[in-house]
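Please keep the structure open while reading.

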Amino acid sequence: MAQKTRHFFNTTGPCNPEDHYMLPPEERLEGAQLHRYIGDKLYWVLHAPRQTGKTTFLQSWMRQINAGTEAIACYVSVERCQGIAEPERAMPNICKAIQEYAKFAGLPIPELKTAASSSMLSDVLINWAELVAPKPLVVLFDEVDVLVDETLISFLRQLRGGFAGRGAGIFPISISLVGMRDLKDYITAAKGGMAPNPGSPFNVKSDSAKITNFQKEDIARLFALRTSETGQQITQEALDYVYQQSGGQPWIVNSLFQRATMRVLDEANTETVTVEHLEEAREQMVQARETHLDALAYRLEDPRIRTVMETLLTGEADLRLAQGEAFRICLDLGLVNIEKGTPQVANPIYREVLAREITYGAQLAIPEPEWRWELPDGTLDMDALLKEFQSFWQNNSEVWEQQSDYTEAFPHLLLMAFLQRVTNGLGRIEREYAAGRGRMDLAVEYHGRWHIIEIKLLRQGKRFETLVEEGARQTLGYRERLSKSPGVRPSADGLPAQCYLVIFDRRAEKPGWPERLKWIAGDDVTVVGC
């Protein structure tokens, strides 16, 4: 029988290595040696953002352990206890989960012998350790971050109660607690903001580990698994593009590969995968709003997330940003990272999805353009578009801003919505924004021609001329960087991208519209005042 061809993995459940391409689990863990956790009888924490492969890693490692002779392992998700603060309700559910996952894994099923929530979990784990003896028991608890308040404290306290005497036939010798954040963060939250003390149930933890994103070489090795099975090749430029667009985020990497090889190209087509295939896969993924990306967009309903995003969108420097709880939540979700000391959205695809979500309402509210935005050769008439935007800004900005959830970033968002309304389906917009940059950079591609737009805000005490000088230099620098990016090809006419510097007057004491609406055409950069 012919060997079944595996696929790249881009759904929200665990990955089966028999059906999907995946790298060995131990290669995904930062700062940890897996065998040490069993040999040294450690209780440890694994934390990483959503959709980075935690569940896949745990189930793969469980199969690896159970195929050997060292121990018996079982994966257990406690997600069913989300938001249940009372141990009397949560503990029976956790024990039921243990029994069900033991059955799924073909392991002995422990008995529930007591109704006391304060010892129920401990008793089940003791019985389970006895049933799998003489091998020691390893338990991999997933979704621990859903446990809250007294439920979390009781859960940890019962683990601590068996920790000192752990051993084969006595109590699990190694337990992992897996979620988005380190355990001390959950303890602190459960105690109303107070840090864990030395006597807390937290102190059984011996180590913290983190699942890393893919590096460039990991992405190449992942696709090489498909090449070895099907002979399908991929260009180096395409691999660079995947890394640049994903930042190594595992779900995005797999989703781009899966779409490129099964939707852009037919599954049976083993043609070499190029940047063009992956660009189409990227657009499909963003338009489809797959579950993972849709969940990220949903997070924008949280006012704390919106505050962080607004700072990143405007590029303003905020000394308190990275120290706040809101930013830590964004880090845990994988929405943001810190690159070279700068807080930013984690990767270009997240930047695109979040920006489209935030501007979607405004985009639909903007009337269909009745003016001509294309030149005779079919390329974008950016001069006409931005002059039309100036008129739109003058007529609508004050009323629309009052309805916006993003007051500080409103100019950036309205211009992006305006551009998206015109180019939607016919072009694409690359976006670059991060805290402390003092600007947002946009690159608009339409029918093979690029246009660069930099957005800056004129604040009280800042001179317009100074902003123009600074912005022009930055705009040309962005054009230079963009020209070297994977997937960015020179314009068909060979000319460099046109550059525009759009400056919004945000001073409390603004001049009248005739003075604010400027159009200064330069040799390299056109300045547009709004």
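## Helices α15 and α16

The crossing of α15 and α16 is right-handed. This is a predicted model. On the α15 side, the contact is made by M382, L385, L386, E388, F389, F392, W393, S397, W400 and E401. On the α16 side, F410, P411, L414, L415, F418, L419 and V422 take part. By class, the residues of this contact are 14 nonpolar, one polar and two charged.

Helix α15 covers residues 382–402, and helix α16 covers residues 410–423. Their axes come within 10 Å and cross at roughly 130°. That angle makes α15 oblique to α16.

## Helices α10 and α14

Helix α10 spans residues 275–288, and helix α14 spans residues 348–365. The two axes come within 10 Å, with a crossing angle of roughly 40°. The helices α10 and α14 are therefore oblique to each other. The crossing of α10 past α14 is right-handed.

From α10, the residues R282, E283, M285, V286 and Q287 make the contact. They meet P348, I349, E352, V353 and R356 of α14. The residues of this contact divide into five nonpolar, one polar and four charged.

## Cysteines

How many disulfides does the model contain? The count is zero. A pair of cysteine sulfur atoms must lie within 2.5 Å to be counted.

Are C499 and C530 buried or exposed? C499 is buried, with a relative accessible area of 3%. C530 is also buried, at 2%. The cut-off for buried is under 20% relative accessible area.

Note on methods:
Residues are numbered from 1 along each chain as its sequence is written. This is a predicted model: local features need pLDDT of at least 70, side-chain atom pairs count only at pLDDT 80 or more; totals for chains, interfaces and linings use all residues. Side-chain values use heavy atoms; hydrogens and water are left out. Buried means under 20% relative accessible area, exposed over 50%, partly exposed in between (1.4 Å probe, protein chains only). Axes are lines fitted to C-alpha atoms, for helices over the stretch in contact, and angles run from 0 to 180 degrees between N-to-C directions. Helices (H or I, at least four residues) and strands (E, at least two) are DSSP runs, numbered from the N terminus. Angles under 35 degrees count as roughly parallel, over 145 as roughly antiparallel, 65 to 115 as roughly perpendicular and the rest as oblique. A crossing is left-handed if the near helix is turned anticlockwise from the far one by less than a right angle, and right-handed if clockwise. Contact means heavy atoms within 4.5 Å. Ala, Val, Leu, Ile, Met, Phe, Trp, Tyr, Cys and Pro count as nonpolar, Asp, Glu, Lys and Arg as charged, and the others, Gly among them, as polar.
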